[in-house]
Amino acid sequence: MTASLTGAAPVVQLVSVQAGYVTQVNLQLGQQASLSGRVYLSNHVTPAVGYDVRIYLSSSYPVGTPVRTTSTDSTGHYSFADVNAPEDYIVAIYSTSTSTTALDVILVSSIPGVDTPVGDLIGV
């Protein structure tokens, strides 16, 4: 039996089944993929706090709808848990949630079951 969830490493378990018997199988899937990184101001030292971070499928950037959005925390950190993998994403930062022009972008590939670090992004 094989079980899978998009973004997680698949699990394979051999199961013996006999006619007329009910067999219960408990499977635990691995961790799903995630993306995380930091945003800094242009001095490359000061964290960019409260910036809008959006991920897009690489095929839909820049005109498509973001797959997910979040904001940077007090250390400039952001993360996106449980993303589809393998998949190519554009990670883009904006000064506010209503901004339409990205300050910086990077292409990143998610890997099933892995927290993929995104390179530092720079705001203004």
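Which residue does arginine 54 stand opposite in S5? In this predicted model, arginine 54 stands opposite threonine 69 in that strand. The bridge partner of arginine 54 in S7 is alanine 92. The surroundings of this residue are described below, beginning with the sheet.

Strands pair through backbone hydrogen bonds, in either the parallel or the antiparallel sense. Strand S4, comprising residues 52–57, is joined to strand S5 (residues 68–71) by four bridges, and the two run antiparallel. Strand S7 (residues 87–94) also runs antiparallel to S4, and six bridges join these two strands. Strand S4 is mostly covered, with five of its six residues buried.

Side chains of opposite charge can pair when their charged atoms come close. A search of the whole structure finds one salt bridge, and this is formed by aspartate 52 with arginine 54, whose closest N and O atoms are 2.5 Å apart. Aspartate 52 is buried, with a relative accessible area of 7%. Arginine 54 is likewise buried, its relative accessible area being 8%. The charged end of arginine 54 also sits over the ring of tyrosine 94, at 3.6 Å from the ring centre.

Aromatic contacts were examined next. A pair of aromatic rings is described by the distance of the centres and the angle of the planes. The count comes to two aromatic pairs. In the pair formed by tyrosine 56 and tyrosine 61, the ring centres lie 5.0 Å apart and the planes stand at 70°, so the arrangement is edge-to-face, given that angles over 60 degrees fall in that class. The two residues of this pair are assigned to separate burial classes: tyrosine 56 is buried, with a relative accessible area of 4%, whereas tyrosine 61 is partly exposed, with a relative accessible area of 25%.

A further set of pairings involves strand S3 (residues 33–40). Seven of the eight residues of S3 are buried, so this strand is largely enclosed by the rest of the structure. Strand S3 pairs in the antiparallel sense with strand S6 (residues 77–83) over five bridges. In this pairing, glycine 37 has tyrosine 78 of S6 as its bridge partner. With strand S9 (residues 115–117), by contrast, S3 pairs in the parallel sense, over three bridges. Here serine 34 stands opposite aspartate 115 of S9. Strand S10 (residues 121–122) also runs parallel to S3, to which two bridges join it. The bridge partner of valine 39 in S10 is leucine 121. Strand S3 therefore has an antiparallel pairing with S6 and parallel pairings with S9 and S10, and seven of its eight residues are buried.

Definitions and conventions:
Residues are numbered from 1 along each chain as its sequence is written. This is a predicted model: local features need pLDDT of at least 70, side-chain atom pairs count only at pLDDT 80 or more; totals for chains, interfaces and linings use all residues. Side-chain values use heavy atoms; hydrogens and water are left out. Rings of Phe, Tyr and Trp (its six-membered ring) pair if their centres lie within 6.5 Å; planes under 30 degrees apart count as stacked, over 60 as edge-to-face and the rest as tilted. Buried means under 20% relative accessible area, exposed over 50%, partly exposed in between (1.4 Å probe, protein chains only). A charge sits over a ring if NZ of Lys or CZ of Arg is within 6 Å of the ring centre and within 35 degrees of the ring normal. A salt bridge is a side-chain nitrogen of Lys or Arg within 4 Å of a carboxyl oxygen of Asp or Glu. Two strands pair if DSSP finds at least two bridges between them.
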